[in-house]
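Hello,

Here is the structure for you to take over. Please look through it first, then read the notes below.

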Amino acid sequence: KQWYQRRVAITAGNTVDLREVGTIIRSLGCFPTEGELNDMIAEVEEDEPTGYVRYERFEPMMVRVLMDKTRYRPETEERIVQAFQVLDKDNKGYLTQEELQKYMTTEGEAFTSEEMEEMLSAAVDPDKNIIYYKDFAPLMLLEEP
């Protein structure tokens with residue numbers, strides 16, 4: 001319970017905003033997909049949704065996630081580069097801003113426009129307006145909490 005209290009502003013009713021569940025889980029070094037995260041939220045959500053989850057419902061799910069941390073670990077630099085290479089059909093070593101934006105907003109778990117802007121601000125080579133993904137991949141790595 002201490003990690004929960006340290007990382008989250010607990011309301012007087014010992015609850016946390018459901019919108020913060022993903023942030024809590026990621027801050028502890030676990031990175032489920034959005035689908036997995038939605039399943040976790042559905043598991044702890046009240047029968048009559050209030051937008052908050054009680055600690056008593058949250059803790060067992062969080063303990064299970066932490067115990068299975070290898071399932072939710074972040075990707076390695078090599079796997080990130082491999083993913084970009086799949087998108088780079090011509091093996092150029094880069095993607096255009098338009099290509100990356102198309103893939104990231106229309107395929108799989110689509111990025112929001114805010115997420116896309118944040119990614120592009122870090123990824124795009126300002127001189128050539130392209131993304132050298134081998135240079136960008138290390139920036140996508142997460143430090144251990």
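A pocket here is an open set of grid points with protein on both sides within 12 Å along at least five of seven lines. Its volume is the space filled by probe spheres set on the points. Keep in mind that this is a predicted model.

**The largest pocket**

The largest pocket holds about 1,600 Å³ of space. Its lining counts 31 residues. Closest to the centre are Glu75, Met104, Phe111, Met119 and Met140. Which elements give two or more residues to this lining? They are helix H5 (77–87), H6, H7 and helix H8 (133–140). H5 gives the most, with five residues. By class, the lining has 19 nonpolar, two polar and 10 charged residues.

**H6 and H7**

Two of the helices that line the pocket, H6 and H7, also pack against each other. H6 covers residues 97–106, and H7 covers residues 113–123. The angle between them is about 145°, and their axes are 11 Å apart. Their crossing is right-handed. On the H6 side, the contact is made by Gln97, Leu100, Gln101, Met104 and Thr105. On the H7 side, Met116, Met119 and Leu120 take part. These residues divide into five nonpolar, three polar and no charged.

**H3 and H4**

Next, look at helix H3 (residues 34–44) and helix H4 (residues 55–67). Their axes come within 9 Å and cross at roughly 145°. This crossing is right-handed. Met40, Glu43 and Val44 of H3 meet Arg57, Phe58, Met61, Arg64 and Val65 of H4. The contact has five nonpolar, no polar and three charged residues.

**Arg26**

Arg26 sits in helix H2, which spans residues 21–27. Is Arg26 buried, partly exposed or exposed? Its relative accessible area is 28%. Buried means under 20%, and exposed means over 50%. Arg26 falls in between, so it counts as partly exposed. Leaving aside residues up to four places away in sequence, Arg26 touches Phe31, Pro32, Glu34 and Leu37. Two of these contacts, Glu34 and Leu37, lie within the range of H3, residues 34–44. Arg26 and Arg73 are 47 residues apart in sequence. In space, their C-alpha atoms are 9.6 Å apart.

Over to you.

Best wishes

Definitions and conventions
Residues numbered from 1 in each chain as written. Predicted model: local features only at pLDDT ≥ 70, side-chain atom pairs only at ≥ 80, totals over all residues. Heavy atoms only, no water. Axes fitted to C-alpha atoms, helices over the stretch in contact; angles between N-to-C directions. Helix = DSSP H or I, 4+ residues; strand = E, 2+ residues; numbered from the N terminus. Left-handed = near helix turned anticlockwise from the far one by under 90°. Contact = heavy atoms within 4.5 Å. Nonpolar A, V, L, I, M, F, W, Y, C, P; charged D, E, K, R; others polar. Buried < 20%, exposed > 50% of the residue type's maximum accessible area, 1.4 Å probe, protein only. 1 Å grid on protein atoms, 1.4 Å probe; cavity = no way out; pocket = protein on both sides within 12 Å on 5 of 7 lines; lining within 4 Å.
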